[in-house]
Amino acid sequence: MIWLALLFTAAAGWVLLRPWLRSGPVIGLCVGFTAGAAALSLQLLLYDLARIPWRRWTVLGPWVVAFGVFLYKRRPARPRWRWPQPMELAALAFAVVALMAWVPYERLMPLNEWDAVMLWMFKGKAFYLDGGVAPYLRRAQEFLANPAYPLLVPLYSTFLYICVGAPADHAAKLLSPCFFASLLGGFYYLLRRFGSRPVAAVFTAMLLGVYMLSFVAFHYAGYADTAVTAAIVLGAGFLYAWWREEHHADFALAALFASIAAWGKNEGQFFLAGAGALAAGRLLWRRQWNWRLWTRLAVFPLLAVAPWVAARGLYGIRRPGQLSTEIVQTNVASYLPTLKALIEHAFAPSVFNLAFPMLLLAVALHRRAGLDAKFLLLPALVAWQMLGVAWVYITGPISLQWMIGSSLDRVLSQIVPLALLSAAVVFASYYDRAEARLAAPAPPAKAKKRVR
Amino acid sequence: MLRAQAHRVLLAALFGVWVLVAWPKLGEQFASLEDWQRKLGGRSIEERAAMVDYPAYLVAEQVRQATPAGACVLFLAYTGPEHVNYYKTRFDYYLYPRRVVVQANTAAAADNCPYLAVFRDSAQNLQVEAFHGAWDDEQLRQRLAHLEKVHAGPHVEIYRARP
C-alpha cells in the first residue's frame with residue numbers, strides 16, 4: 001500500500017506540473033514527487049483549517065478527478081531511445097553501486113534518528129492519531145519538538161498513514177529516499193536542459209557520490225532535509241533556466257519549487273526570500289508587467305506560507321527559545337572560528353567530495369566556457385544560502401558550537417547540489433562547444449598548385 | 001585527435017577522481033550495512049526497533065499495553081541527565097497520545113497523572129552516563145505502597161493510583 005501511496009504522490013505532482021514541465025514520464029514522476037508531496041501535505045492543512053475530515057476518499061478524490069482529465073488530455077509522446085554512450089554506462093554503474101550501499105541499509109534500519117523521532121515523524125504520527133493538527137499543537141509545550149517548523153514532511157507522512165491505515169513509520173520513512181530520487185531526477189533534467197546526455201549522466205552520478213547527501217537521505221530518513229534540498233535545487237535550476245531562456249513555464253516552476261522549499265523547512269524560507277527577490281528584481285529591471293508572472297510570484301509563496309501562518313496564529317504557536325543579548329554576544333564572539341568551521345566542513349572531500357572547490361572553479365572559468373553573467377545567479381544563490389546558515393547560527397537562541405556540531409553537515413548538504421549544478425552548467429557549456437567543434441565540417445583545404 | 005577529444009577525456013578524468021574520492025566512504029557504508037545485516041537481518045521490524053532502541057522501545061511497549069490511550073504516565077527514571085531528554089522524546093513518540101512526564105527523581109510529581117512507571121535504564125547506558133538525579137529507595141517504597149501494581153517487566157514497573 002505504501003508503494004501505491006508514493007506512486008500516487010508522484011503522479012499527482014506530475015499532473016500538477018503538466019502545464020509547465022516538458023518531460024517524459026520518468027522525469028515527470030521524479031520531479032513530480034516533490035510537488036505532489038507538497039500539494040498533498042498542504043491539502044491536509046487546508047482541510048484541517050476548513051474542518052473537512054481527513055478520509056481516504058476526501059483526500060484522494062480530487063486527485064482522481066484530476067488524473068481523469070490528465071489522461072483524457074494527454075497526448076502520449078513517442079519515446080526516442082538512443083543507446084547510452086560509454087560514459088553514461090559508467091555513470092549508471094556507479095549509481096547502481098552507490099544505491100546498493102544505501103537502499104538496503106535504509107530498509108533494514110527502523111526509525112531511530114533523533115530529529116525524525118522527536119520532530120518530523122512524531123508530528124506526522126500525532127496528526128494521524130488525532131485526525132487533525134489542533135490537538136497536538138494545543139499540547140505543543142509538552143514536547144521538545146519545535147512546533148513552529150513548517151509541516152511538509154509531517155503532514156506528508158500523515159498522508160501516507162491515512163493511505164496505509166496505520167502509523168507505519170518504517171514504511172513512511174521511505175519518503176526521504178523518494179525525495180532523493182526526485183532530487184536526482186530534477187538534477188538530471190536541468191542538466192539535460194543545459195547540456196548533453198553524458199555530462200548530465202556523469203554529474204548526476206557524481207551527486208550520488210556526495211557522501212553527506214546520501215547519508216542524510218538514507219541514514220536520516222524521516223528528516224525534512226532531503227525534501228528541502230530537492231525543492232531548493234529545482235527552484236534555483238528553473239530560475240536560472242528562466243534567466244537564460246525566458247520561458248514563462250520555467251518562471252512558474254521556479255516560483256513553485258522555491259515556495260515548496262519554504263513549506264519544507266526554515267532554511268527554505270530563506271531561499272524563497274532570496275529567489276523571490278531575484279525574480280522580482282529581474283522583472284522590475286526589465287520592466288515586465290505581465291500579470292501572469294507577477295501572480296505566480298505572489299500566489300505560490302502565499303499558498304506555501306499563509307495557511308501555516310494562519311494555523312500558527314489560530315493555535316497560538318510561537319517560535320521557541322528566548323534570544324538573549326548574552327547569547328548573541330557569545331555567538332558573535334565565536335563567529336570567525338565558526339566561519340572557519342563552516343569552510344572546513346564544506347571543503348572536506350570525504351563529506352562533500354569536491355563540490356565546493358568545483359563551484360569556485362566554475363565561477364572563475366564560466367566566461368571561458370562561453371557563459372555570460374546570468375550564470376552567476378547560481379553561485380549567488382549558494383552564497384545566499386551560506387549567508388542564511390551563518391545568520392541562523394549567529395541569531396539562534398542556543399549555543400553556536402552545539403548547533404554546528406548537530407546540524408552543519410545537514411544544512412550544507414541542502415546547498416551542495418546547487419554548488420554541483422553550478423559546476424555542471426559550466427562544464428556542460430564547455431563540453432557542448434567542444435562537441436560542436438568536433439561535429440562541424442572541416443574547413444576546405446587550400447588548393448595546392450599543381451606542379452607539372 | 002586526442003586534443004580534439006580533450007573534453008571527453010576531461011569528463012572521464014573528473015568522474016574518475018570523483019569516484020576515487022567517494023570510494024572510501026562508500027566502502028565504510030558497505031561494511032556498516034554488512035554489520036547491521038548480521039545483527040538485524042531476518043528479524044521483524046518490531047524486533048529490530050527493540051534492538052536498536054534498547055531499552056526505550058521495550059519499555060514503551062509494556063507501558064502502551066498496560067495503560068489506556070488517554071492516560072498520563074509519570075516516569076521515575078533511574079538514568080543519566082542527558083538520557084532523561086532522550087527517553088522523554090522516545091516515550092512521547094511511542095506512547096502518543098498519552099501524556100508523558102520523565103523525571104530522575106523519586107519525589108517527582110505531576111498533576112492529574114494516575115499512572116506511575118518506575119524505569120531503570122540498562123547497565124550499559126548507565127556506564128555511558130551515570131545517574132545524577134535524586135533517588136531514595138525508602139521514599140519510593142513508601143510512595144508505591146499506596147499504589148496498585150499493574151505490570152512488572154524488564155526495566156519497568158507500572159503502578160496506578162487506587163480508585
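Q: What makes up the secondary structure of chain A, helices or strands?
A: In this predicted model, chain A has 21 helices and zero strands.

Q: How do you know whether the radius of gyration of chain A agrees with that of a compact globule?
A: Let's set the two values side by side. For 452 residues, a compact globule would have a radius of gyration near 22 Å, and chain A has 23 Å, so the two agree. The C-alpha atoms of chain A fill a box of roughly 105 × 60 × 50 Å along the principal axes.

Q: Why is B:P55 called buried?
A: A residue needs 20 or more other C-beta atoms within 10 Å to be called buried. B:P55 has 21, therefore it is buried. You will find B:P55 in the loop between α2 and α3 of chain B, where it touches B:S122 and B:H155, leaving aside residues up to four places away in sequence.

Q: How many residues of chain A are in contact with chain B?
A: Contact calls for C-beta atoms within 7 Å. On that basis, 38 residues of chain A meet 33 residues of chain B. Helix α4(A) gives the largest share of chain A's side, 10 residues.

Q: What kinds of residues form the side of chain A that touches chain B?
A: Sorting them gives 30 nonpolar, five polar and three charged residues.

Notes
Residues are numbered from 1 along each chain as its sequence is written. Chains are lettered from A and ligands numbered from 1 in the order in which they are written. This is a predicted model: local features need pLDDT of at least 70, side-chain atom pairs count only at pLDDT 80 or more; totals for chains, interfaces and linings use all residues. Helices (H or I, at least four residues) and strands (E, at least two) are DSSP runs, numbered from the N terminus. The radius of gyration is taken over C-alpha atoms; the globule rule is 2.2 Å times the number of residues to the power 0.38. Two residues are in contact if their C-beta atoms, placed from the backbone, lie within 7 Å. Ala, Val, Leu, Ile, Met, Phe, Trp, Tyr, Cys and Pro count as nonpolar, Asp, Glu, Lys and Arg as charged, and the others, Gly among them, as polar. A residue is buried if 20 or more other C-beta atoms lie within 10 Å of its own, exposed if 12 or fewer, and partly exposed in between; C-beta atoms are placed from the backbone.
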